[in-house]
Amino acid sequence: MSERSNPGVTMSYREMGAGAEDPVILLHAFPLNGRMWEPQVAALAGERRVITPDYPGFGRAPRTPAQPDVRYYAEEVRSLLDRLELERVVLGGLSMGGYVAFECLRLFPERIAALVLADTRPDPDTEEMKESRRELARRVAEEGVGVLAQTQPRRLLCERTLEERPEVVERVKGMILESTPGGVVAALGAMRDRPDSTPLLESIRVPTLVIGGEEDAISTPETMGEMAKKIPHSRHVVLPRAGHLSNLENPEGFNAALGELLRSL
Ligand code: MLT
């Protein structure tokens with residue numbers, strides 16, 4: 001696997017694998033980084049080129065310059081595609097990665113060959129969610145990202161993962177601690193102000209995998225199912241033994257569904 005920073009662009013990225021088919025680019029959840037996709041990279045890299053960026057201020061990417069909106073992250077994805085000379089890709093995003101993927105669809109639908117929307121939702125934040133993001137941003141700015149390492153695993157992982165898979169819990173905490181307060185505060189603001197993507201769903205023309213954990217309390221199977229119904233060429237998969245980070249909690253199930261999507265193209 002090679003790790004690159006990207007001069008002139010604020011995202012760093014990892015890439016692995018090769019192949020004649022459209023590459024796969026996977027966008028990470030908040031407050032993690034591209035390393036969360038390691039189980040998918042391992043499964044796919046034998047046959048496809050797989051690219052996993054870090055948003056500015058996360059993982060190995062430099063800090064974000066200003067308060068961005070979700071469009072900023074999508075523009076960064078486009079710059080990365082330009083830089084790597086990728087005309088078309090299979091684009092996947094989990095949770096915040098899905099919010100960024102919706103913006104990519106608005107900006108450059110012609111470059112997206114297929115889509116994976118994992119544990120994400122199209123609707124914007126309620127006023128209550130916005131307020132809790134402001135509060136969290138205040139705490140992270142004052143106390144640092146350690147606050148998130150304490151609180152987020154319980155939000156992101158299902159009970160069974162928390163109790164029986166300490167290695168997954170530690171991996172998640174490790175990624176959280178690689179984030180910078182600036183990157184986290186910026187991402188919280190961008191998620192808080194993201195637009196409603198519900199009207200976009202019926203215009204999606206590419207094969208789409210909608211996938212999520214059975215015990216995801218943030219993007220519930222019901223929310224994901226409603227979203228899938230509005231996307232013309234979609235398949236909805238609910239993964240058992242998984243909460244919000246379904247790709248890490250049930251990697252076998254996730255990889256099987258992703259593999260099916262790729263083989264169908
Ligand atoms: C994520 O996993 O990216 C976040 O939980 C998304 C959110 O807070 O809306």
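The secondary structure of this chain comes to eleven helices and eight strands. Keep in mind that this is a predicted model.

Start with the overall dimensions. Along its principal axes, the C-alpha trace spans about 45 × 40 × 35 Å. For 265 residues, a compact globule would have a radius of gyration near 18 Å, and the chain has 17 Å, so the two agree. Of the 265 residues, 49% count as buried. Now take the contacts between residues at least 6 apart in sequence: 76% of them join residues at least 24 apart.

Strand 2 covers residues 12-16, and four of its five residues are buried. Which strand does strand 2 pair with? Its partner is strand 4, residues 50-54; the two run antiparallel and are joined by five bridges. To find one of these bridges on your screen, look for R14, whose bridge partner in strand 4 is T52.

Now a helix. Helix 4 runs over residues 127-143, which is 17 residues. From its first C-alpha to its last it reaches 24 Å, close to the 24 Å expected at 1.5 Å a residue. Just after helix 4 comes G144, with a positive phi of about 95°.

S95 has a phi of about 55° and sits in the loop between strand 5, residues 89-94, and helix 3, residues 96-107. R241 also has a phi of about 55°; the loop in its case lies between strand 8, residues 234-239, and helix 10, residues 246-249.

Are these two residues buried or partly exposed? S95 has 26 other C-beta atoms within 10 Å, and the cut-off for buried is 20 or more, so S95 is buried. R241 has 17 other C-beta atoms within 10 Å, which means that R241 is partly exposed.

There is also a cis peptide bond. It goes from F30 to P31, with omega near -5°. P31 is found in the loop between strand 3, residues 24-27, and helix 1, residues 38-44.

Finally, the ligand. The residues that surround the ligand are A29, F30, S95, M96, M191, I218 and H244. How many residues of each class are in the shell around the ligand? Five are nonpolar, two are polar, and no charged residues are found there.

Terms used. Residues numbered from 1 in each chain as written. Predicted model: local features only at pLDDT ≥ 70, side-chain atom pairs only at ≥ 80, totals over all residues. Near = placed C-beta within 6 Å. Nonpolar A, V, L, I, M, F, W, Y, C, P; charged D, E, K, R; others polar. Buried ≥ 20, exposed ≤ 12 C-beta atoms within 10 Å, placed from the backbone. Pairing = 2+ DSSP bridges. Rg over C-alpha atoms; globule rule 2.2 N^0.38 Å. Contact = placed C-beta atoms within 7 Å. Expected span 1.5 Å × (residues − 1).
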